Amino acid sequence: EALRSWGHSLEHAAVPLKADRDLVLEAVRFHGHAFEHADAALRADRDFVMEAVRLDSRCLLGAAAALRADRSFVLQATLQAAGAYLYADPPWQTLLDDREMVLAIVSQHGEQLQHVPAEFR
């Protein structure tokens, strides 16, 4: 019940609860940063991370490093949730040097134009 009222509670949850897919998604619905406290296996599961990112783009920050560094995964996540690229690794600014990434971001989420370098506007 605490997770439903405050997503940060996942940080203090028992280990088996941190591995419960439904419980983690419920926590993420209330606070995206709760995903950082999910079980490592969930944070490395491409499909699960994408599901969490759809709920809150900040979940990409808690994803496994390999997913945050995977350009195609970050692009897919960004197409699902505006701003997901902001939580990628390498830093999101380097992703904006990639014309394909910029076009994909802006075509789906025009409000992200504010982050795009002038040469792409």
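Predicted model: local features only at pLDDT ≥ 70, side-chain atom pairs only at ≥ 80, totals over all residues.
Student: How do the axes of helix α3 and helix α5 cross, and how close do they come?
Tutor: The axes of α3 (residues 21-30) and α5 (residues 46-55) come within 9 Å and cross at roughly 25°. Angles under 35 degrees count as roughly parallel, so α3 is roughly parallel to α5.

Student: Is that crossing left-handed or right-handed?
Tutor: The crossing of α3 and α5 is right-handed.

Student: Which residues make the contact?
Tutor: On α3 they are R21, V24, L25, V28 and R29, and on α5 they are F48, E51, A52 and L55. Sorted by class, this contact of α3 with α5 has 6 nonpolar and 3 charged residues, with no polar ones.

Student: And what about α5 and α8, at what angle do they pack?
Tutor: Helix α8 covers residues 71-80, and α5 packs with α8 at an angle of about 30°, their axes being 9 Å apart. The crossing of α5 and α8 is right-handed.

Student: Which residues does each helix bring to that one?
Tutor: Helix α5 contributes R46, V49, M50, V53 and R54, while α8 contributes S72, F73, Q76, A77 and Q80. The contact of α5 with α8 has 5 nonpolar, 3 polar and 2 charged residues.

Student: Switching to the core: how many residues are in the largest nonpolar one?
Tutor: The largest nonpolar core has 34 residues. Those with the most contacts inside it are L10, V24, F35, V49, V53, L60 and V74.

Student: Which helices supply at least two residues of this core, and which gives the most?
Tutor: At least two residues each come from α3, α5, α6 (59-62), α8 and α10 (99-108). Helix α5 gives the most, with 5 residues.

Student: Where is S57, and is it buried or exposed?
Tutor: S57 sits in the loop between α5 and α6. Its relative accessibility is 14%, and buried means under 20%, so S57 counts as buried.

Student: What does V116 touch?
Tutor: Not counting residues up to four places away in sequence, V116 touches L96, V102, V106 and R121. The C-alpha atoms of V116 and M101 are separated by 10 Å, with the two residues 15 residues apart along the chain.

Definitions and conventions:
Residues numbered from 1 in each chain as written. Heavy atoms only, no water. Axes fitted to C-alpha atoms, helices over the stretch in contact; angles between N-to-C directions. Helix = DSSP H or I, 4+ residues; strand = E, 2+ residues; numbered from the N terminus. Parallel < 35°, antiparallel > 145°, perpendicular 65-115°, else oblique. Left-handed = near helix turned anticlockwise from the far one by under 90°. Contact = heavy atoms within 4.5 Å. Nonpolar A, V, L, I, M, F, W, Y, C, P; charged D, E, K, R; others polar. Core = buried A, V, L, I, M, F, W, Y, C linked by side-chain atoms within 4.5 Å. Buried < 20%, exposed > 50% of the residue type's maximum accessible area, 1.4 Å probe, protein only.
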